[in-house]
Amino acid sequence: LQLQVSTDGRTWSAPLATASGSPLTTFAFQPAKAKFIKITRNVPAANNAAWAIQNLRVYQAAPGK
């Protein structure tokens, strides 16, 4: 999986983070100004199974970090 951000929904950043994990995946990356987040699966799921994001939590960096 790779994570990108955008301020306008049309122009996307280079991947800020990549990760793999199942069923829980955590991305950690430097703070970035964004209105939109795009998570792309860059490797097919086993047996071409359906894939979905069920729960997404986004946390703001602590002040001063």
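Select β1 (2-6) and β3 (36-40): each supplies at least two residues to the lining of the largest pocket. This is a predicted model. Of the elements, β3 gives the most to that lining, with three residues.

The lining counts 37 residues. Colour them by class: 25 are nonpolar, nine polar and three charged. For the centre, pick T25, T26, F27, I39 and L56, which lie nearest to it.

Go back to β1. Is this strand mostly covered, or mostly open? Five of its five residues are buried, so β1 is mostly covered, with buried meaning under 20% relative accessible area. In a regular strand the side chains alternate between the two faces of the sheet. Check each face of β1 in turn. Q2, Q4 and S6 sit on one side, L3 and V5 on the other, and all are buried.

Next, display the strand partners. β2 (residues 17-18) pairs with β1 in the antiparallel sense, over two bridges. Click Q2: the bridge partner in β2 is T18. On to β3, which runs antiparallel to β1 and is joined to it by five bridges. Here L3 stands opposite I39.

Notes
Residues are numbered from 1 along each chain as its sequence is written. This is a predicted model: local features need pLDDT of at least 70, side-chain atom pairs count only at pLDDT 80 or more; totals for chains, interfaces and linings use all residues. Side-chain values use heavy atoms; hydrogens and water are left out. On a 1 Å grid over the protein atoms alone, a cavity is a set of points where a 1.4 Å probe fits but cannot get out, and a pocket is an open set with protein on both sides within 12 Å along at least five of seven lines; lining residues have an atom within 4 Å of a point. Helices (H or I, at least four residues) and strands (E, at least two) are DSSP runs, numbered from the N terminus. Ala, Val, Leu, Ile, Met, Phe, Trp, Tyr, Cys and Pro count as nonpolar, Asp, Glu, Lys and Arg as charged, and the others, Gly among them, as polar. Buried means under 20% relative accessible area, exposed over 50%, partly exposed in between (1.4 Å probe, protein chains only). Two strands pair if DSSP finds at least two bridges between them.
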